[in-house]
Amino acid sequence: MDYTVVALDAMGGDNAPSEMVKGAVDAVNARNDIKVILVGKEDIINKELSEYTYNKEQVQIKNATEVIETAEHPVAAIKRKKDSSMVVGLHLVKDGAAEAFVSAGNSGALLTGGLGIVGRIRGIERAPFGTLFPVKSGVALLADSGANVDCRPSHLVQFAKMGSIYMEKVVGIKNPRVAIVNVGAEEEKGNALVKETMPLLKECEDINFIGSIEARNIPNGDADVIICDGFVGNVILKLYEGLASTLVSVIKGGLMSTLKSKIGAALALPALKKTLKAFDASEYGGAPLLGLKGLVVKTHGSAKAGEVRNTIFQCVTFKEQRINELIRDYIVIDKKKED
């Protein structure tokens with residue numbers, strides 16, 4: 001069997017190791033073309049695995065004696081904790097023992113380790129987190145969603161190109177619409193970064209650039225690839241997630257407030273569950289660091305088994321569609337044109 005091998009940080013995240021292990025087992029039980037390497041403290045992982053039935057050939061343990069905690073300084077943690085589940089997992093990708101590494105752990109450490117251990121594709125200036133999130137028309141990609149808080153125009157242009165490849169090949173959206181986050185639709189609006197990036201994006205013949213997008217139009221699905229620096233992107237993403245969670249809570253509270261509303265809720269429940277599921281970000285997997293030599297994916301720190309499973313599936317699609325190779329070839333061709 002030709003497996004897609006995914007290394008999973010079994011010790012990273014708020015719900016590790018139980019939800020990480022369960023997500024891995026759910027993934028291999030759903031598909032026979034996946035092999036998961038659970039990276040972390042072997043005795044703890046074995047204890048968790050003993051609760052499940054699964055194909056033993058599809059699950060492997062790679063012992064790692066240390067854990068990088070959420071509050072640790074990213075650079076110091078990567079340098080000091082050489083036998084952490086994160087560092088060991090990243091080396092599995094670098095050495096070709098795994099095709100992807102997934103972690104719900106320290107985001108800064110994952111970024112630092114991804115860049116320092118796995119490394120960027122030659123020609124890639126910055127590697128953004130590309131986060132898929134639900135919109136009215138389906139799903140959109142936000143890049144950068146937090147990896148690079150300060151960017152240059154050339155970085156955003158590369159984000160747009162890599163994001164377009166990802167949306168077309170992984171999500172299946174042909175000729176995805178690319179927009180840059182701005183405070184208005186007019187070209188004269190925006191900060192220095194947006195104003196300098198706008199003409200560069202307009203000159204790109206190989207992307208479908210549609211101009212600016214205001215934050216209020218993002219949920220409507222007015223663009224498929226949304227480009228911004230990591231500071232703006234992370235603010236958008238966190239507000240989006242917080243608002244979605246609050247709305248779900250308010251809706252549930254309203255439906256349970258009176259006897260009539262409870263009866264109405266019972267009738268509407270199937271349709272309501274389907275709608276709310278479509279707006280659950282965990283359904284779309286994690287956020288890959290686009291532009292690395294190997295696939296590194298960040299899931300939410302609060303990720304549970306369902307998100308872990310979906311992220312593992314996402315890694316399979318990433319491999320099957322040769323995303324890294326496409327990005328590498330695309331950037332190399334662009335660099336030759338510039339030269």
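Trainee: In this predicted model, which residue of strand 9 stands opposite Ala-179?

Mentor: Ala-179 stands opposite Ile-226 in strand 9.

Trainee: How do you know that strand 7 and strand 9 count as joined, and which way do they run?

Mentor: Two strands pair if there are at least two bridges between them, and three bridges join strand 7 to strand 9 (residues 225–227), so by that cut-off the two are partners. The two strands run parallel.

Trainee: What is the order of the strands in the open sheet?

Mentor: The order is 5-6-9-7-8, which makes five strands with mixed pairing.

Trainee: What makes strand 5 and strand 8 stand at the edges?

Mentor: Strand 5 (131–135) and strand 8 (208–213) each have a single partner strand, so one side of each lacks a neighbour in the sheet. From one strand to the next, the twist averages 30 degrees.

Trainee: How many aromatic pairs does a search of the whole structure find?

Mentor: The search finds two aromatic pairs.

Trainee: Why is the pair of Phe-133 and Tyr-240 called edge-to-face?

Mentor: Ring centres must lie within 6.5 Å for a pair, and planes over 60 degrees apart count as edge-to-face; the centres of Phe-133 and Tyr-240 are 4.9 Å apart and their planes stand at 75 degrees, so the pair is edge-to-face. Phe-133 belongs to strand 5 and Tyr-240 to helix 8 (residues 230–255), so the pair ties together parts that are 107 residues apart in sequence.

Trainee: Are Phe-133 and Tyr-240 buried or exposed?

Mentor: Buried means under 20% relative accessible area; Phe-133 has 3% and therefore counts as buried, and Tyr-240, with 17%, is buried as well.

Trainee: What makes the pair of Tyr-166 and Phe-318 tilted?

Mentor: Tyr-166 and Phe-318 lie 6.0 Å centre to centre with 50 degrees between the planes, and since planes under 30 degrees apart count as stacked and over 60 as edge-to-face, with the rest tilted, the conclusion is a tilted pair. Tyr-166 lies in helix 6 and Phe-318 in helix 10, so this pair ties together parts that are 152 residues apart in sequence. Tyr-166 is buried, with a relative accessible area of 0%, and Phe-318, at 5%, counts as buried too.

Trainee: How does the reach of helix 10 compare with what is expected at 1.5 Å a residue?

Mentor: Helix 10 has 16 residues and reaches 23 Å from its first C-alpha to its last, which is close to the expected 22 Å. Its buried residues include Ala-305, Val-308, Ile-312 and Phe-318.

Trainee: Why is Asn-175 called exposed?

Mentor: Exposed means over 50%, and Asn-175 has a relative accessible area of 52%, so it is exposed. Asn-175 also has a positive phi, near 50 degrees, in a residue other than glycine, and is found in the loop between helix 6 and strand 7 (177–181).

Trainee: How do you know that the charged end of Lys-56 sits over the ring of Tyr-54?

Mentor: The distance limit is within 6 Å of the ring centre, and the charge must also be within 35 degrees of the ring normal; the charged end of Lys-56 is 4.5 Å from the centre of the Tyr-54 ring and sits over it.

Technical notes: Residues numbered from 1 in each chain as written. Predicted model: local features only at pLDDT ≥ 70, side-chain atom pairs only at ≥ 80, totals over all residues. Heavy atoms only, no water. Helix = DSSP H or I, 4+ residues; strand = E, 2+ residues; numbered from the N terminus. Buried < 20%, exposed > 50% of the residue type's maximum accessible area, 1.4 Å probe, protein only. Expected span 1.5 Å × (residues − 1). Axes fitted to C-alpha atoms, helices over the stretch in contact; angles between N-to-C directions.
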